[in-house]
Structure formats: C-alpha cells, structure tokens
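Work through the following exercises with the sequence and the coordinates side by side, and compare each solution with your own reading.

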Amino acid sequence: MSENFPAFSISPVPQPGPDTAPPELFRGVYGMPMFVTAPTSDLAASLEFWAEGLGFFDFFTVPGQVTHLRRWAFQDVLLVPGERPGEAPASSVTFSCLLSQVDAIVAACEKLRPGSTQGPRQMPWGTVEVEVTTPENTRVIMTAARPFDPRSAEAAYLRESGFDLPEAPGA
C-alpha cells in the first residue's frame with residue numbers, strides 16, 4: 001500500500017511507548033488545516049466538558065459567539081451557539097491521545113456526564129479507543145496507538161490489508 005517512512009516525524013502525535021510523554025498543549029497560532037465546529041445551546045457546559053473531560057483548553061472566546069478549543073497541535077474545535085441535535089450523529093471526530101491518558105479521560109468524562117463514554121476497546125489496527133458523547137451530542141473518539149509489535153495479530157491484520165510493515169522489531 002505504501003512505502004515505510006517515519007510518519008511520526010511530521011505529526012504532533014508522539015511515537016507510542018510505555019514512557020511516552022504527551023506533547024504540550026499547543027498555544028501557537030497557525031492556519032488550521034482541519035477543525036470541528038460543534039453547535040451547542042450551552043457554551044459554558046460544553047467548554048467545561050471539553051476542558052475537564054477531554055483535555056482541551058480555551059484558546060480564545062468571543063462571548064456568546066464562539067469558543068475556540070485546542071489540545072495538541074491541529075486538534076481544534078469551535079463551539080458555536082446552536083441547537084443540540086436530538087441524538088448523536090453517525091459520523092464522529094477522532095483525536096489522538098496516549099495510552100496512559102485513556103483511563104483518565106474515561107474517568108473525567110464519566111464524572112462530568114455519567115454514561116457519556118463507551119469503551120475503551122482494543123482495535124485490530126493497533127489502537128485503543130474510547131467513544132465519548134459530549135453535552136452537545138458530538139461523537140468524539142479518543143484513540144491511542146499501542147506500541148508496534150511486528151509479530152502481533154494487529155501487524156498480521158495490517159499486512160493482510162496491504163500495508164508494507166517491518167517484519168522484525170526495530171526494523
């Protein structure tokens with residue numbers, strides 16, 4: 001499918017591993033290549049959930065108009081006034097996190113909104129994911145890569161799917 005190259009070198013997401021520290025919250029200004037807009041009828045409640053539950057911070061707010069949230073670089077969300085949909089949409093937005101953060105995210109979200117999380121669950125492509133439904137009914141997937149083991153079932157699954165992967169650790 002593709003040639004191996006060190007994709008982590010162009011990403012704010014660190015290489016997974018047991019001692020990996022999360023990147024700093026990114027407070028710089030950049031042209032946003034992608035962002036999510038989430039309409040909410042309660043900007044304050046949504047801000048609290050995204051900040052306390054999912055680890056975002058208030059990058060800036062124009063009162064009553066928009067709250068720009070950010071986590072790592074290129075993880076941007078705009079909360080805007082609007083009606084909350086009756087149910088969460090089929091589509092979702094996914095943000096990277098670290099394995100060491102998954103349990104804390106689940107605990108924080110459940111404390112703020114009991115029943116707001118599903119998982120975590122181990123995925124066949126080498127990640128652990130938790131699905132979170134926010135106060136404005138946005139479906140957020142927090143995904144954490146597991147360290148790559150070329151002998152694992154996940155590696156076999158990816159090879160069978162056409163990915164060019166190393167055959168040995170450290171290769």
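Buried means under 20% relative accessible area, exposed means over 50%, and partly exposed lies in between, with a 1.4 Å probe and protein chains only. The model is predicted, so local features need pLDDT of at least 70 and side-chain atom pairs count only at pLDDT 80 or more, whereas totals for chains, interfaces and linings use all residues. Residues are numbered from 1 along each chain as its sequence is written, and side-chain values use heavy atoms, leaving out hydrogens and water.

**Exercise 1.** Determine whether the partners of the salt bridge between arginine 151 and aspartate 149 are buried, partly exposed or exposed.

*Solution.* Begin with the contact: a salt bridge (a side-chain nitrogen of Lys or Arg within 4 Å of a carboxyl oxygen of Asp or Glu) joins arginine 151 and aspartate 149 at 3.7 Å, N to O. Next, arginine 151 has a relative accessible area of 64% and is therefore exposed, while aspartate 149, at 31%, counts as partly exposed.

**Exercise 2.** Carry out the classification for the salt bridge of aspartate 76 with arginine 70.

*Solution.* The closest N and O atoms of this pair are 2.7 Å apart. Aspartate 76 is buried at 2% relative accessible area, and arginine 70 is likewise buried at 1%.

**Exercise 3.** Classify the two partners of the salt bridge between arginine 121 and glutamate 131.

*Solution.* The closest N and O atoms stand 3.8 Å apart. Arginine 121, with a relative accessible area of 31%, is partly exposed, whereas glutamate 131, with 11%, is buried.
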